[in-house]
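Visitor: I'm new to this one. Can you put it on screen and walk me through it?

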Amino acid sequence: MRIEGENGNFASPDCRSSSSTGWFPLRPAGNRVLHDAITNIDDSCDDMIENENQSLRDRVADLEKKVQDQTDEIVCLRSTLADVLRRLNNIEGSRVLNNHTSSQSGRTTPSKDGVRLRHQQQQQQQQQHSEVREKRSSSSSSYTPGRSSSATHINRRSAHYQSTSSLYSDGHSSSSVSPAPSPSPTHSQSSSHPHPRPSQSQPQHTLHLHHYPSTPQPPSRHHTPSPSPSRPQHLGALNKRWSSTSDFQVHSPSAISSAGHGALARRTNFGSLYNLNNLRSHTGSQLNLSKLGAREATYNAEEGVVKFYLRGRPINLYVPTDLREEYTPSGPTPPPGTKLKLEWVYGYRGRDCRNNVYQLPTGEVVYFVAAVAVLYNVDEQMQRHYLGHTDDIKSMALHPNKLLVATGQTAGHDRRDARPHIRIWDSVSLNTLHVIGISDMERSVACLAFSKADGGSLLVAVDEAPDHNMSVWDWSRGERGYKLMETKCSADQVLAVDFSPVDRNTIITCGKSHISFWSYENGMLAKRMGIFENRERPKYVTSISFTDTGNVISGDSNGNLLIWQRGGNTVAKWVRSAHEGAVFSIFVQKDGGIITGGKDGRIVLWDRDLSPTGTEMQVPEQYGSPRMITTGRGSQLVIGTTRNSILAGTFDLPLTPVMQGHTEELWGLTVHPTQQQFVTAGYDRNCFLWDTLSRTIVWSKDIGEHAQSAAFSNDGDMLVIGTTSGKWLVMDAETREVYAQYTDGSEPIQVLRFSPNGANLAVGSRDNSISIYQVSEDCRKFSRVGRCQAKVRKGRYNNSTSRGHSSFVTHLDWSSDSQSLRSNSGDYELLYWNAGLCRQIVQTSQMRDTEWATQTCTLSFHTLGIWPEGADGTDINTCTGANHSAVLATGDDFGKVKIFASPASQQKAGHHSYGGHSSHVTALGFLHDDSRLISTGGRDTAVMQWHVSTSTR
């Protein structure tokens with residue numbers, strides 16, 4: 001053994017040397033002791049450093065947990081404060097509205113002085129109300145990203161005040177409160193419900209808030225925008241609001257022409273996509289008539305016949321005798337004084353959408369159906385509605401502050417005006433803050449997610465284009481956001497996307513046969529595919545979530561659960577067959593516990609290491625499988641299901657339905673003749689009886705067939721359901737017992753209608769025929785009288801051949817004396833029938849003065865004005881007249897519900913238009929007292945309840 005000395009020489013351990021040569025003696029035992037001592041010191045230092053590092057990591061983790069807890073507390077306090085302010089505004093607005101209504105209810109015939117005094121009083125009330133809001137805004141504040149706290153507080157208070165206090169609010173929000181349920185249909189007879197007292201307030205168009213104020217103002221068509229007294233001018237662009245108010249504007253051509261095209265152009269500068277759409281609908285008939293190739297209706301005064309065209313086909317309509325002299329087909333018709341306000345939305349979209357149910361700290365559950373985002377307070381039985389979208393909402397994300405919501409929509413009917421985009425809005429005021437991606441999305445926004453590690457400053461979106469492009473946005477930069485980066489995500493379907501809650505620049509996507517780990521830096525996105533190694537690659541990775549330590553949890557179509565190590569793309573743990581079938585949802589609780597829901601209907605609780613705890617529950621089969629699981633109040637869970645239901649419950653208490661809806665296309669609708677109830681029936685084979693006061697389902701029944709139509713008997717005791725197979729069922733409206741079943745051909749039963757005297761039932765089929773049945777034994781027995789057919793004489797010996805409609809029957813109306821029928825068909829025919837003889841009335845001029853019990857035929861003299869210029873004959877699917885007022889409602893292929901004054905017998909009739917449905921509106925019905933209007937959407941499966949109000953002018 002040789003040891004290097006001071007001079008670079010080497011010495012042997014057993015040699016003797018002097019200091020002059022640099023050699024020195026060393027003993028082997030001493031060397032080993034020294035080496036061991038040094039090793040021990042190194043090990044001790046390593047242990048100390050490791051202990052210090054572990055202690056530091058634990059302290060950092062504890063601090064992060066405390067920060068997260070404090071952040072949650074701050075979010076809850078903000079939300080509670082916002083809820084208190086919303087309630088105060090609601091009470092304040094109701095008080096102002098009630099005071100104003102009572103002050104005007106005592107006046108009868110106003111004089112000029114009276115009008116002037118009311119105008120002064122209105123100005124004083126508005127000034128006082130503005131002063132109160134200014135004082136409160138100076139002493140309170142709340143937070144919205146990208147805005148000063150004081151300005152945000154003012155905006156929220158004023159905007160929500162407008163949306164809840166005025167019945168005629170034209171903003172893109174609505175709210176309603178549920179009273180007690182109405183009695184059952186057979187045990188009690190409803191008393192005559194008086195019409196709601198109309199408010200005396202008149203709407204004023206306000207550019208900043210896009211709502212009608214509660215304090216009335218005299219209307220002005222040439223209103224010049226002026227800054228709100230409660231909004232500082234120095235905020236500039238931050239105060240701009242996007243809205244969809246044109247859905248609730250008067251579509252009157254006369255109003256447009258009087259305002260001028262310049263005013264319309266200025267109006268679109270601050271509106272949303274709806275403004276562009278409605279601008280074209282307003283001006284198309286005047287500016288682009290020649291381009292549409294439409295033809296004006298012509299009137300032959302001598303014969304009393306007006307002729308108009310649908311798709312180039314002429315249709316002759318006979319003018320009633322008392323109108324023949326002064327009638328003109330193109331005379332101006334003002335819009336009706338009746339208006340609608342969305343009161344309640346039934347349904348939820350869970351059959352094909354994910355991650356779309358969230359619990360807000362204020363107690364509201366936010367979700368979507370059709371083009372409406374619903375905020376539902378289950379405890380208070382109140383709904384509010386965000387109506388900013390123009391077509392189907394497909395995705396939703398909740399900001400980490402629990403106050404902001406992002407929703408993405410699909411492309412609409414008009415690819416220019418209803419392009420896919422994302423709207424970010426305030427869940428308190430329902431104001432739209434940003435609209436992004438209008439020119440960047442191709443098909444629809446498949447999934448969304450806010451960033452978490454940086455407080456939600458970024459938003460990621462995946463488009464359903466062929467390449468499923470993924471884009472990352474700085475959403476708060478400007479009104480339309482700023483796209484930071486974009487890349488092709490996958491050629492296969494993408495089902496979910498999410499940011500890591502720990503790593504700022506990590507994004508996870510999953511879908512068909514893949515899970516991808518993305519990292520972004522310097523404007524670039526880098527992708528790593530998940531490695532399953534020797535495990536079976538699933539057909540779909542259906543869900544993802546994150547543990548509190550940043551590990552990724554994924555569920556797949558095979559029912560497996562996998563944990564992916566943080567920062568990597570390999571599997572750290574694998575739980576095989578956790579569910580029988582796909583894992584639809586993974587929810588991580590604050591304590592680290594993991595809850596999963598699968599196609600098998602089971603909801604299972606796991607510990608943080610994915611070890612089973614033995615706690616689980618089963619979703620009842622009629623509600624489907626859990627599609628989305630989130631936390632509610634306390635230990636309660638809120639669950640969205642694949643059969644469009646929302647449930648609430650715990651592992652200890654049973655699940656109860658919060659919201660239910662149809663799951664397939666919806667066509668059947670009938671309202672109860674005496675109660676505040678109605679029945680819907682759809683292709684999902686389900687029939688629901690709804691109560692409009694309690695806003696709940698009274699009963700449901702699976703009839704085993706796709707339902708196409710429905711009708712109550714005149715006393716409301718019996719219910720008839722028509723199916724797509726040509727069968728129609730007769731059942732008890734209370735017990736749901738089926739008494740009889742009949743068959744009319746093999747085509748769908750399009751329409752069912754009882755005669756006013758209750759003695760007959762008309763059955764319109766898709767096989768072009770109308771069958772008349774005699775009703776007996778309290779509507780339990782039906783005997784066929786015959787089929788309505790036209791008798792055409794030809795030949796020398798007057799041989800006759802029979803024919804019905806040349807296309808399928810779409811609508812039916814009985815005359816008031818129950819002797820005659822009129823019907824429409826798919827090829828735009830209007831025919832009249834003798835119900836007793838089941839023969840066509842060829843001399844249609846004889847029917848010009850007939851009084852009709854209902855107004856459901858879309859082609860008639862009284863509905864001439866509902867058809868827009870250049871309309872396709874299939875654009876308007878349904879119409880119905882009010883029972884006790886001169887109002888006509890229509891539903892079209894573009895998801896619009898429109899209100900006309902009845903009769904709408906002149907072209908270009910003024911109307912009010914309302915959005916919310918994202919599919920064709922298939923059926924409409926006024927309740928027996930005209931207090932509400934019910935509308936059903938076809939493929940959006942939504943049922944909407946509108947409050948009907950009549951304003952005095």
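Visitor: Which residue in β61 is the bridge partner of Ile 934?
Guide: Gln 945 is the partner of Ile 934. Keep in mind that this is a predicted model.

Visitor: And what is the bridge partner of Ser 935 in β61?
Guide: Ser 935 pairs with Met 944.

Visitor: How many bridges join β60 to β61?
Guide: Five. Strand β60 covers residues 932–937, and the two strands run antiparallel.

Visitor: What sits between those strands in the hairpin?
Guide: Five residues separate β60 and β61 there. Thr 941 in this hairpin has a positive phi near 55 degrees.

Visitor: Is β61 mostly covered or mostly open?
Guide: Mostly covered. Strand β61 spans residues 943–950, and seven of its eight residues are buried.

Visitor: Which strand is joined to β61 by eight bridges?
Guide: That is β8, residues 338–346. β8 and β61 are antiparallel. Within that pairing, Leu 342 stands opposite Trp 946.

Visitor: What is the strand order in the sheet with β8 and β61?
Guide: The order is β8-β61-β60-β59. These four strands make an open sheet with antiparallel pairing. At the edges are β8 and β59 (921–926), each pairing on one side only. From one strand to the next, the twist averages 25 degrees.

Visitor: Which residues have the most contacts inside the largest nonpolar core?
Guide: Trp 946 and Met 944 are among them, and so are Leu 340, Tyr 367, Trp 425, Phe 678 and Leu 933. This core has 59 residues.

Visitor: New topic. What is the order of the sheet that holds β26 and β27?
Guide: It goes β25-β26-β27-β28. Here four strands form an open sheet, with antiparallel pairing.

Visitor: Why is one side of β25 and of β28 left without a neighbour in the sheet?
Guide: β25 (541–546) and β28 (571–575) are at the edges, and each has a single partner strand, so one side stays without a neighbour. On average, neighbouring strands in this sheet are turned by 20 degrees against each other, direction ignored.

Visitor: How many bridges pair β26 with β27?
Guide: Four, in the antiparallel sense. β26 is residues 552–556, and β27 is residues 561–564.

Visitor: Now Ser 820. Where does Ser 820 lie?
Guide: In strand β52, residues 820–825.

Visitor: Why does Ser 820 count as buried?
Guide: Its relative accessibility is 11%, and buried means under 20%. Not counting residues up to four places away in sequence, Ser 820 touches several others, including Asp 813, Trp 814, Trp 833, Ile 841 and Trp 852.

Visitor: Zoom out. How many helices and strands are in the protein?
Guide: Seven helices and 61 strands. The protein has 953 residues, and 55% are buried.

Visitor: What does the accessible surface come to?
Guide: About 41,200 Å², with 48% belonging to carbon and sulfur atoms.

Notes: Residues numbered from 1 in each chain as written. Predicted model: local features only at pLDDT ≥ 70, side-chain atom pairs only at ≥ 80, totals over all residues. Heavy atoms only, no water. Buried < 20%, exposed > 50% of the residue type's maximum accessible area, 1.4 Å probe, protein only. Pairing = 2+ DSSP bridges. Contact = heavy atoms within 4.5 Å. Core = buried A, V, L, I, M, F, W, Y, C linked by side-chain atoms within 4.5 Å. Axes fitted to C-alpha atoms, helices over the stretch in contact; angles between N-to-C directions. Areas by Shrake-Rupley, 256 points an atom, 1.4 Å probe, with all protein chains shown as cover.
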